[in-house]
Amino acid sequence: MGALTLARAALLCATLGLFLAPWHGLQDGISEVTAWPGGSAAPLVALLLDGSRWWLWPVALLLALAAPALLRGRAGAGLAWIGAGLVLAVFGAGYAIGLNGLQWGWLAPLLGAPPAQPSLGWGAFLVLAGGIGLFAAGQAARGRFGADAFVAFLVCSCGFLLLLFVFLPLVNMLSAALYEDGRLAPAAFGARLVAPEAWSLACLSTHAGCGVVWNTLLLATLTAVISTLLGLAFALLAVRGGARGKVSAGAFRAMTILPLITPPFVVSLALIVLFGRTGIVTGFMWDWFDIPRSRWIYGLPGVLLAQVLAQAPIAFLLLDGALRAISPSLEEAASTMGARRMRVFCSVTWPLLKPALAASFLLAFVESLADFGNPLVLGGDFDVLSTRIFFAIAGARHDPGRAAALALLLLAITFGAFALQALWLGKRRYTTVTGKGDSGIPAALPAGLKLTCAAVAWPWMIFTAAVYGIILVGGFVHDIGRGDLSFTWRHLGTGFEVGWFDGPAFIGSAWDSLFTTIQVAAISAPLTAGLGILLAWLIARQNFPGRRGLEFMTMLSFAIPGTVVGVSYIMAFNVPPVELTGTALILVICFVFRNLPVGVRGGIAALAQIDKSLDEASATMGGGAFQTLRRVVLPLLRPAIVTALAYSFVTAMTAVSAVIFLVSARHNLATVYIVGRVEAGEMALAIAYSTVLIVIMLVTVLGIEKLVGRARLGRASAAAPPIRAGA
Amino acid sequence: MSDVAINFEGVTKAFGNVRAVDEVSFQLPRGALVTLLGPSGCGKTTTLRLVAGLELPTGGRIEIEGRDVTGLSAAERRIAMVFQSYALFPHMNVLENVSYGLLVNGARKPSAEAEANAMLKTLGLEGLGQRLPSELSGGQQQRVAVARALVLRPKVLLFDEPLSNLDARLRRRVREDIRDLQRKLGLSVVYVTHDQQEALAVSDLVCVMRAGKIAQMGTPVELYDDPADAFIADFMGEANVLQGEVLAPGRIALGGIPLDVTMRPHPSGPAQIAVRPESILPQPEGAPGLPGRIQRAAFLGQTREYEVETAAGMLFVVTPAASLAFAMGEAVSCRLDRVIPLRDVKG
């Protein structure tokens with residue numbers, strides 16, 4: 001695509017936004033459109049002419065400035081300035097003048113006392129898109145982005161979206177932590193950061209609880225250590241366990257898909273059913289061993305158990321892959337030099353596993369930090385950062401500043417963990433996959449080690465099976481909590497009853513949230529996969545200034561815990577100029593940018609396997625970036641695209657931490673609804689609903705797998721055979 | 001139209017602080033096959049990619065057939081390139097691969113496929129159109145890559161080490177095929193290789209590069225017989241580079257021993273002197289020449305190779321197998337036929 005074509009399209013788009021589309025958001029929905037071209041649906045040109053938005057004249061002037069040259073067929077570098085000016089004018093005015101009139105006091109001499117300005121609408125959106133297009137066309141005309149306007153436009157719009165939906169909310173939250181009652185208060189900020197609620201060590205000497213930071217760190221460390229060790233035991237058995245290991249490997253692998261398709265807190269429900277005060281195991285212990293009923297499961301032990309149940313399979317996936325990648329010939333080499341089995345393990349296998357162990361530890365650590373559902377359901381008095389942030393926003397004492405400060409602490413811990421890993425891993429890269437076939441036979445495990453692994457792995461396996469069994473059964477019996485195991489459809493009926501009044505009527509209380517969930521997931525999945533793969537292609541294959549920045553921002557949203565995202569989104573998008581709270585759109589946007597990194601990583605990994613000369617060959621034959629992308633790259637990336645699709649669909653169905661802040665009465669989500677049922681004590685309904693979710697996801701995932709062969713769903717995707725040119 | 005296919009004017013390509021191509025200027029005549037030759041990292045592939053538009057220069061000016069293409073992307077340059085890996089699209093069959101370029105340039109499918117089929121026929125690939133690249137042999141894949149490039153009727157055809165993935169036997173045949181095709185169609189070709197024999201065999205002109213600059217450019221014979229310096233003498237085939245002295249035109253001293261030789265004009269005085277292994281003929285002791293002793297002897301079928309220890313240093317010698325044979329340890333006298341006094345001592 002040439003710069004001129006892009007610039008003309010952008011100009012057209014912006015002009016439409018100026019003359020036709022309603023400039024401001026429609027507060028009461030689409031019905032307001034009838035007021036066009038006046039009232040709340042007025043396009044900008046009407047608002048300019050009646051003088052009520054005189055500060056937006058620069059928008060019209062800039063467009064008029066761009067038009068003559070473009071109509072004459074010349075696209076110059078100056079377009080970049082015009083495009084940037086448009087974006088700045090729209091956003092600048094939007095932030096400077098809000099619902100309460102002037103927001104930026106220092107502009108008072110210039111703007112006086114303007115009237116209230118509601119949020120930006122479709123017209124503004126079109127003008128912004130046009131501005132970005134003009135900016136990109138100008139950059140391409142200047143020779144940036146390989147002089148390809150298509151690439152320039154993609155980079156600029158992706159960059160804009162990432163800035164708006166990843167970076168801006170974070171900055172907004174930071175500033176919220178700095179303010180108190182609308183005034184800058186660094187002292188209050190400092191006080192919040194070092195508050196005893198976060199850092200108190202009271203639990204060491206008294207019965208009071210410790211600060212949430214310590215709780216969070218303790219929980220995350222324990223989860224990470226235990227999950228990694230369990231995963232290691234499973235992986236060792238599966239890869240090095242001999243003939244019987246093969247059997248267990250199959251069982252373990254089947255198990256790894258469970259946490260992926262289970263909403264994170266469902267495990268907690270099962271744990272309550274098993275170990276709660278009236279739980280099955282608790283009752284059994286009381287009847288048989290006179291062990292008194294207690295609430296021990298509510299607190300650190302319960303949350304830890306739930307998190308380990310979710311994380312151990314993922315650790316297994318990672319370590320299993322790493323263990324397989326260790327060439328058996330290395331171990332054979334060690335044994336030919338006279339090392340005994342235990343010595344081989346300690347001196348060769350274990351050191352080579354270290355990076356994978358670190359990765360698994362980090363992943364479990366970070367996931368534990370980010371986990372919100374389990375601490376909410378099982379935490380009891382044991383608060384962690386993610387739940388405390390939630391209650392600072394949603395609790396009796398609504399205190400956004402406190403929530404923001406706690407979110408910053410959580411963010412700092414997460415980044416600290418990533419930084420530590422980067423430091424530690426930086427110099428250690430063991431490439432053991434050489435690409436050459438390796439015919440060695442993996443060394444058997446030392447007998448003692450094997451026994452230990454089996455002794456750990458099998459009971460855990462049975463425990464896991466019991467937990468998921470409870471979920472499977474719980475929704476279909478009268479009262480599993482009290483041991484009444486007679487079959488019933490009652491709970492499922494409460495949620496999913498369908499009646500017939502002149503057509504099907506969805507009477508059940510869960511239908512609304514289920515429909516919304518599927519809708520939101522089905523809309524956000526293709527967007528996530530598409531945007532993720534595009535970004536991956538831009539990052540891996542194009543060379544442009546700011547590439548590193550784009551990559552960083554993409555990965556940033558991976559590192560930010562969901563609760564932090566939720567808090568930052570309500571802070572950023574609750575007021576003009578970008579007002580999205582209460583809509584389904586904010587749910588979609590939240591999912592897209594939360595799950596984006598998975599698509600990007602998958603795409604980059606897949607692209608690394610596709611020889612770059614294929615792109616170049618297409619280019620030398622006259623294929624521009626767009627043609628190359630459509631005809632060469634995307635067809636070859638199909639498996640990665642499908643994986644990203646399936647992953648984002650499933651995550652959108654199971655996520656709770658970020659969206660619990662963003663749902664509204666009109667747009668409720670399944671997970672949030674289930675959490676609500678749990679809090680109301682309707683355990684059986686919650687479990688029944690969870691089962692329905694699991695079935696839907698299982699069908700989706702298996703269906704997609706069937707359609708396109710093997711879609712790898714794990715985060716630790718195994719190495720695929722490289723796609724080489726012509727081979 | 002000018003007779004210049006490609007014109008480089010002070011072209012520089014820098015990656016960070018490294019100048020992969022450093023103010024290179026040259027002109028390639030239309031209809032010629034020009035080889036870019038040099039050790040790895042010399043900038044030859046970067047130069048080729050600059051012609052293709054896969055890299056854009058950081059300085060200078062590039063013209064193709066008189067048109068300034070300096071800022072144009074690869075898609076806009078009307079060149080075609082055969083990649084080292086062939087870069088055949090694995091998800092398209094042979095016919096789709098060959099008609100790809102026509103389609104993205106706006107041709108209709110039936111006419112594109114007809115043209116592609118004709119080109120496949122020209123290259124002896126008829127009947128393979130429905131195969132996937134993975135179902136072809138290495139040689140066939142290479143020809144598909146060539147067909148894919150030629151079907152676009154490019155102004156300039158670029159080859160990036162096209163033979164490196166073929167086995168030794170096939171290499172000779174394919175390079176002759178390429179040369180024939182280039183002559184028949186009158187193509188302007190730029191050809192990158194690191195194999196000097198390949199370069200000598202196929203080129204009208206050879207351009208030897210070193211450290212991002214052109215070390216020497218000329219016909220194969222010029223480069224072989226008249227290398228500018230020790231680097232080129234050594235790179236274009238083997239050479240014994242010895243320290244000696246030019247006494248007079250046609251008379252030099254090596255290891256203190258005066259010898260009558262054929263040589264290009266060179267000022268008298270100490271000089272580095274290159275001697276090709278085949279320009280040395282060992283003769284029985286006592287004959288006029290540079291006396292020495294055979295340190296190593298090997299029989300290679302068509303030729304014999306010797307290492308001879310002399311007062312001027314160790315000499316590597318290649319003689320026809322039919323010539324007189326010597327055994328290890330034998331004393332000989334080496335007759336030097338033709339020597340090359342080198343201009344640039346530092347290299």
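1. In this predicted model, the charged end of Arg677(A) sits over the ring of Tyr673(A), 5.0 Å from the ring centre, where the criterion is CZ of Arg or NZ of Lys within 6 Å of the ring centre and within 35 degrees of the ring normal. In chain B, the charged end of Arg276(B) sits over the ring of Tyr224(B), at 3.9 Å from its centre.

2. Local features need pLDDT of at least 70 and side-chain atom pairs count only at pLDDT 80 or more, whereas totals for chains, interfaces and linings use all residues. Residues are numbered from 1 along each chain as its sequence is written, chains are lettered from A in the order in which they are written, and side-chain values use heavy atoms, with hydrogens and water left out.

3. Phe165(A), Tyr569(A), Phe573(A) and Phe593(A) form one aromatic cluster, given that rings of Phe, Tyr and Trp (its six-membered ring) pair if their centres lie within 6.5 Å, with planes under 30 degrees apart counted as stacked, over 60 as edge-to-face and the rest as tilted.

4. Between chain A and chain B, about 2,100 Å² is buried (accessible area lost on being put together, 1.4 Å probe, summed over both), and carbon and sulfur atoms give 65% of that area. The contact, meaning heavy atoms within 4.5 Å, takes 25 residues from chain A and 28 residues from chain B.

5. One salt bridge is counted between the two chains (side-chain nitrogen of Lys or Arg within 4 Å of a carboxyl oxygen of Asp or Glu), and Glu616(A) meets Arg49(B) in a salt bridge at 2.6 Å, N to O.

How values were computed:
Buried area is the accessible area (1.4 Å probe) that two parts lose on being put together, summed over both.
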